[in-house]
Amino acid sequence: MSKKALIIVVDDDAGVRTSLGALLESVEYDVRCYSSALALLADDPSRGNCLIADIRMPEMDGLTLQEEIVKRGYSIPVIIMTGHGDVPLAVRAMKAGAVDFLEKPCADDALLASVRRALDLGERARDRAAEAKAAQDLLSLLTPRERSVLEKLVAGRSNKVAAYELGISPRTIEIHRARIMDKMNARSLSDLVRVALAAPSAGGLA
């Protein structure tokens with residue numbers, strides 16, 4: 001990542017917060033520690049690039065925190081720290097979207113490997129989200145007729161078949177296709193299809 005990643009640690013055990021903070025800072029991460037899930041939620045979780053949360057905490061446990069993070073629309077990868085007896089809960093957290101769970105005590109190299117994986121997944125998710133937004137913005141430039149033509153192209157129709165299905169001439173399809181490619185900054189049909197399918201509304205184009 002171009003700037004230091006911010007790792008958020010939530011644990012009610014001060015000793016754990018101190019040791020995790022020292023370990024993460026030793027490998028050049030920025031770290032922000034919280035003694036409870038509620039303290040984090042009262043701040044701004046969206047600034048973090050990775051969240052490490054203990055699964056058993058008073059007031060709000062790590063699993064509930066993870067669910068609240070998702071509910072609020074924060075796209076931050078979550079790692080759950082768990083005691084041996086909490087593994088079933090940790091598995092539930094994984095099914096709910098956590099990227100990993102680590103049993104305490106956890107080896108330093110295992111934790112750092114988990115954090116690197118979470119950061120990589122988070123960065124890829126942000127890249128996909130940015131690509132989807134850019135594609136959606138380009139789709140919004142099209143007229144209703146151009147969207148209809150694009151649907152046919154994405155579905156693999158030839159100009160002749162698309163023209164027949166839309167009740168217009170193949171020449172008109174070619175004109176629309178040229179305008180669509182220009183508006184969507186596509187250099188080829190495959191480029192056009194890729195951009196169209198990246199948009200969140202691509203389901204309507206398939």
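**Core, helices and loops**

Modeller: The largest nonpolar core has 21 residues, and those with the most contacts inside it are Leu150, Ile173, Ile180, Met184 and Leu192. Such a core is a set of buried Ala, Val, Leu, Ile, Met, Phe, Trp, Tyr and Cys residues joined through side-chain atoms within 4.5 Å. Two or more residues each come from helix 5 (108-139), helix 6 (144-154), helix 7 (159-166), helix 8 (170-183) and helix 9 (189-198).

Colleague: What should I know about the source and the numbering?

Modeller: This is a predicted model, in which local features need pLDDT of at least 70 and side-chain atom pairs count only at pLDDT 80 or more, while totals for chains, interfaces and linings use all residues. Residues are numbered from 1 along each chain as its sequence is written, and side-chain values use heavy atoms, with hydrogens and water left out. Helices (H or I, at least four residues) and strands (E, at least two) are DSSP runs, numbered from the N terminus.

Colleague: Which helix gives the largest share of this core?

Modeller: Nonpolar side chains tend to be buried together in soluble globular proteins. In the core with 21 residues, the largest share is 4 residues, and these come from helix 6.

Colleague: How are helix 6 and helix 9 oriented to each other?

Modeller: Their axes, lines fitted to C-alpha atoms over the stretch in contact, have angles from 0 to 180 degrees between N-to-C directions. The axes of helix 6 and helix 9 come within 10 Å and cross at roughly 110°. Angles under 35 degrees count as roughly parallel, over 145 as roughly antiparallel, 65 to 115 as roughly perpendicular and the rest as oblique. Therefore helix 6 and helix 9 are roughly perpendicular.

Colleague: Is Ser36 buried or exposed?

Modeller: Ser36 sits in the loop between strand 2 (30-34) and helix 2 (37-41), and its side chain reaches the backbone nitrogen of Ala39 at 3.1 Å. Beyond four places in sequence, Ser36 touches Val10 and Glu59. Buried means under 20% relative accessible area, exposed over 50%, partly exposed in between (1.4 Å probe, protein chains only). Because its relative accessibility is 12%, Ser36 counts as buried.

Colleague: Is Glu59 buried or exposed?

Modeller: Glu59 is in the loop between strand 3 (50-54) and helix 3 (62-71). Glu59 has a positive phi of about 70° although it is not a glycine. With a relative accessible area of 68%, Glu59 is exposed.

Colleague: Which residues does Asn185 touch, not counting those up to four places away in sequence?

Modeller: Asn185 lies in the loop between helix 8 and helix 9, and counts as exposed at 58% relative accessibility. With residues up to four places away left out, its contacts are Leu138 and Asp191.

Colleague: Which residue does a cis peptide bond join to Lys104?

Modeller: The omega of this bond is about -10°.

Notes
A polar contact is a pair of N or O atoms within 3.5 Å; within protein, one must be able to donate a hydrogen and the other to accept it, and residues adjacent in sequence count only if both atoms are side-chain atoms. Contact means heavy atoms within 4.5 Å.
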